[in-house]
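Open the structure in your viewer and keep the selection tool at hand. Follow the stops in order.

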Amino acid sequence: MKSLFVLVLGNTEVSLIPGISVAGASPELTKLTPPADAEYLLYEKPRIINAIPVTPEGHPTPAIITKAARELANFPILVVRGGTHLAPLVPHVHISSAVGRDFRKEPALPEFGEIIRMAKLLGEELNKTDIEELVIGESTPGGTTTAQAVLWAMGYDARTSSAAPDNPQSLKEQVIAGGFKRAGIEKGQLRDNPLEALRQFGDPMMTAVVGLALGFKKNIVLAGGTQMLAVSALLKALGEDLSRFMIATTKWVVNDRSATFLDTAKEIGIITYAADLDFSKSEFKGLRDYENGYVKEGVGAGGATWLAVKAGLSPDEISAKVEELYRRLMEMK
């Protein structure tokens with residue numbers, strides 16, 4: 001089956017709320033994380049900043065997993081700018097430069113309709129090619145909070161994951177409650193109005209992925225963690241048949257007891273795959289800590305692993321390649 005890996009980039013002002021996201025060394029640096037992730041997949045290191053994105057504790061971006069899988073399996077990558085502060089310094093498809101707003105203060109994405117329209121056009125064009133499957137990953141700091149807000153607005157009692165071992169669930173719930181109060185809605189009130197849920201609480205990444213999926217009518221692997229649950233719920237509410245969709249994530253998301261990944265996936269009705277990578281014996285603490293609940297998923301890591309496994313690689317080979325890439329980065333310092 002001919003597959004294309006698509007990386008959709010998005011920013012939301014929600015990531016600037018202190019404590020809500022660790023997808024960057026500081027809240028302000030989360031603005032650079034999506035373009036830097038895309039650049040790292042195609043270069044030895046990003047160009048927009050002189051280092052790969054890390055958490056405040058120094059754990060490397062999950063783009064290192066996607067890069068390792070790609071170097072082993074040699075699948076093609078298409079970068080899509082769903083809506084970011086800055087464009088990546090790599091060839092990419094521009095959908096929008098609109099960034100999701102802080103939904104406690106105003107509707108998150110008034111531009112949602114245009115983003116869906118543009119992304120759907122891209123999906124329709126890809127549908128005319130011999131590509132049989134899209135594997136769609138994402139880089140969206142703060143995206144688990146926007147995803148949980150959308151899921152709650154649509155009536156799902158979901159808890160999304162976090163790139164930190166201590167999931168800031170109480171902060172997420174406080175932020176979402178502020179958004180619901182501003183919008184004048186209660187949990188589940190937008191069950192039959194998924195586009196309003198997107199407008200009020202979404203982000204440009206999930207909006208662009210929805211548009212892509214509406215335009216591309218073949219198989220789609222949603223490569224991500226709990227953020228892709230929100231995408232799945234939106235697609236279901238819009239009348240899409242979820243039998244042609246799958247979520248590919250990592251074991252770290254599935255094993256996250258602070259989230260409801262498997263239960264929510266079952267409630268939505270979408271099948272899942274969990275990449276069984278293991279960094280417990282890594283010489284690098286930054287990678288070993290993945291086994292302790294740090295990072296977990298992102299940049300399509302689970303979907304990229306799934307593509308590599310389909311190509312005949314083992315999870316152990318992919319894990320070893322990640323180790324090699326991290327060593328190369330350390331030697332460049």
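The tour goes from the cores to a helix and then to a pocket.

This is a predicted model, in which local features need pLDDT of at least 70 and side-chain atom pairs count only at pLDDT 80 or more, while totals for chains, interfaces and linings use all residues. Residues are numbered from 1 along each chain as its sequence is written, and side-chain values use heavy atoms, with hydrogens and water left out.

**Cores.** Select Val 6, Val 8, Leu 126, Leu 134, Phe 201, Met 206 and Leu 222, the residues with the most contacts inside the largest nonpolar core, which has 64 residues. A nonpolar core is a set of buried Ala, Val, Leu, Ile, Met, Phe, Trp, Tyr and Cys residues joined through side-chain atoms within 4.5 Å; buried means under 20% relative accessible area (1.4 Å probe, protein chains only). Next select helix H7, residues 204-215, which gives the largest share of this core, eight residues. Helices are DSSP runs (H or I, at least four residues), numbered from the N terminus. A second, separate core has 42 residues, including Val 135, Leu 277, Val 299 and Trp 306.

**Helix H8.** Select residues 227-237: nine of the 11 residues in H8 are buried. Among them are Met 228, Leu 229 and Val 231. Gly 239, which follows H8, has a positive phi near 95 degrees.

**A pocket.** Which residues line the second largest pocket? Among them are Trp 252, Arg 257, Tyr 290 and Lys 296. The lining divides into four nonpolar, four polar and four charged residues. A pocket is an open set of points on a 1 Å grid over the protein atoms alone, where a 1.4 Å probe fits, with protein on both sides within 12 Å along at least five of seven lines; lining residues have an atom within 4 Å of a point.

How values were computed
Buried means under 20% relative accessible area, exposed over 50%, partly exposed in between (1.4 Å probe, protein chains only). Helices (H or I, at least four residues) and strands (E, at least two) are DSSP runs, numbered from the N terminus. Ala, Val, Leu, Ile, Met, Phe, Trp, Tyr, Cys and Pro count as nonpolar, Asp, Glu, Lys and Arg as charged, and the others, Gly among them, as polar.
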